[in-house]
Amino acid sequence: MEKRKLGFWDIWNMSFGFLGIQMGFALQNANASRILQIFGADVHELSWFWIVAPLTGLIVQPIIGYYSDRTWTKLGRRRPYFLTGALLASMGLILMPNADMFTAFMPALWVGAGMLMIMDASFNVAMEPFRALVADILPSDQRTLGFSIQTVLIGIGAVIGSWLPYVLTNWFGVLNESQPGEVPTNLLLSFIIGASVLVISILITVFTTKEYSPEEMALMSNEEEELEEEASSLFDIFSDFKKMPLTMKQLSSVQFFSWFGLFGMWVFSTPAIAHHIYGLSLDDHGTAYQTAGDWVGILFGVYNAVSAVYAFFLPAVAKKIGRKMTHAVSLVIGGLGLISIYFMPNENWLILSMLGIGIAWASILAMPYAILAGSIPAKKMGVYMGIFNFFIVLPQILNALIGGPIVKYIYGGNPIFALIISGVSLLIAAVLVIKVKDVDDTVVTEN
């Protein structure tokens with residue numbers, strides 16, 4: 001039995017929930033640091049508040065992957081997990097900017113940080129089962145297309161999420177001003193809209209996509225059904241980690257430096273651009289700072305828009321020069337884009353920097369997974385996708401631990417240098433990807 005080829009719109013609907021996930025994720029990435037600063041966080045503390053999110057993902061991802069490999073319900077194998085993740089993330093989106101409502105119980109800053117943790121953990125619960133869903137359903141020759149379509153939808157959702165606060169203020173007159181310690185109305189409304197779109201888009205995927213049953217998956221992978229015979233222990237994750245395919249091990253270093261750079265960009269872009277480009281004090285959280293923050297949202301939308309367009313061309317580029325070279329070139333362009341922020345004369349020129357970052361972002365979201373999917377066994381697709389997430393969250397945890405102190409004690413409090421290091425990190429990832437063995441099928445053997 002072979003997997004059937006799907007039409008474009010079938011693949012589109014299968015990944016449509018990613019539009020809502022990434023819209024919420026973009027709202028978080030572009031605005032969480034600003035919200036935490038409104039609630040009283042200093043710039044060098046920002047990365048510490050972000051640490052709980054990847055730390056939670058480190059624990060949650062492999063567990064979700066393990067159980068999603070062994071789950072079969074009326075909704076299927078992967079769908080129950082990303083539906084649950086979406087509902088929890090939507091709750092976090094609504095409550096984070098409203099954290100000041102809970103000051104009777106604890107400081108708004110800690111409530112906001114807690115909601116950031118819930119959001120990021122929930123996005124993680126939703127994201128990796130989506131990755132596994134593509135690998136489950138699509139045949140090998142459609143995987144690059146599948147992950148590329150996911151990247152397109154990620155780009156569209158992220159553009160909407162990133163631009164929404166700016167659009168609400170400049171097109172619809174929603175205020176971006178507030179009293180000290182309060183989140184502006186345009187941000188409050190943006191997060192509520194993001195939560196609604198997240199739930200609706202996930203439901204579209206849930207009700208339009210049919211998963212293969214465990215028996216069908218066993219037949220297609222030419223493996224006997226072993227779910228009942230295997231010792232179903234959560235601790236199998238540790239043995240699976242030891243048995244990682246060579247391709248996955250090689251990709252781990254690429255992912256590490258890629259996501260170290262991305263995390264630094266997300267955490268420090270708003271204070272870095274407000275200080276370095278707008279010339280604002282790091283303690284200034286007034287209207288000028290909110291305007292700078294809204295512009296950072298526009299810039300994040302630009303790089304996501306570029307990634308959505310570039311993703312359409314990724315399959316053709318990869319077919320011509322190979323997936324490894326496609327990823328390496330894209331990472332180099334993104335690294336140079338991040339470094340160029342330091343040299344731009346004003347905020348409008350930063351759009352040029354975002355073009356390069358968008359190219360790297362598209363490739364980061366698609367190429368590693370397209371390379372990985374053919375190297376891991378189908379019956380453990382979920383758990384290995386979860387383990388692969390280690391190499392996404394570990395660099396974020398490291399950056400969260402050392403990023404703030406480095407900005408304070410080495411960069412003299414100037415966060416623009418954190419963006420330069422992020423660019424260098426992408427360049428290192430580009431060099432490392434050349435050594436990855438890109439195979440269509442790899443048998444996992446005992447070490």
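Rings of Phe, Tyr and Trp (its six-membered ring) form a pair if their centres lie within 6.5 Å; planes under 30 degrees apart count as stacked, over 60 as edge-to-face and the rest as tilted. In this predicted model, local features need pLDDT of at least 70, side-chain atom pairs count only at pLDDT 80 or more, and totals for chains, interfaces and linings use all residues. Residues are numbered from 1 along each chain as its sequence is written, and side-chain values use heavy atoms, with hydrogens and water left out.

**Aromatic pairs**

By the ring rule there are 16 aromatic pairs. The centres of the W259 and W361 rings are 5.9 Å apart and their planes stand at 70°, so this pair is edge-to-face. W259 belongs to helix α11 (residues 246-276) and W361 to helix α14 (residues 350-373), so the pair ties together parts that are 102 residues apart in sequence. Helices (H or I, at least four residues) are DSSP runs, numbered from the N terminus. Ring pairs also join F25, F123, W259, W266, F300, Y303 and W361 into a cluster.

**Buried residues**

Buried means under 20% relative accessible area, exposed means over 50%, and partly exposed lies in between (1.4 Å probe, protein chains only).

| Residue | Relative accessible area |
|---|---|
| W259 | 7% |
| W361 | 2% |
| Q255 | 0% |

Q255 is placed in helix α11. Leaving out residues up to four places away in sequence, Q255 touches P368, Y369, F388, F391, I392 and P395. A contact here means heavy atoms within 4.5 Å.

**Nonpolar surface patch**

F8, W9, V309, F312 and F313 make a nonpolar surface patch of about 580 Å². Patch residues have over 30% relative accessible area and no salt bridge, and nonpolar side chains (Val, Leu, Ile, Met, Phe, Trp, Tyr) are joined within 5 Å. A salt bridge is a side-chain nitrogen of Lys or Arg within 4 Å of a carboxyl oxygen of Asp or Glu. Two or more residues of the patch come from each of α1 (8-15) and α12 (287-321). Helix α12 gives the most, with three residues, and V309 lies in this helix.

**Confidence**

pLDDT is the predictor's confidence in each residue, from 0 to 100. The protein chain has a mean pLDDT of 83, and 90% of its residues reach 70 or more. Confidence is lowest in helix α10 (residues 236-242), with a mean of 66, and highest in helix α17 (residues 416-433), at 96. Over residues 223-232 the pLDDT is below 50, and this stretch has 14 contacts beyond near neighbours in sequence. Residues 440-447 also stay under 50, with 17 contacts beyond four places in sequence.

How values were computed:
Patches are made of residues with over 30% relative accessible area and no salt bridge: like charges are joined within 9 Å, nonpolar side chains (Val, Leu, Ile, Met, Phe, Trp, Tyr) within 5 Å. Accessible areas come from the Shrake-Rupley method with a 1.4 Å probe; for residues, only the protein chains shown count as cover.
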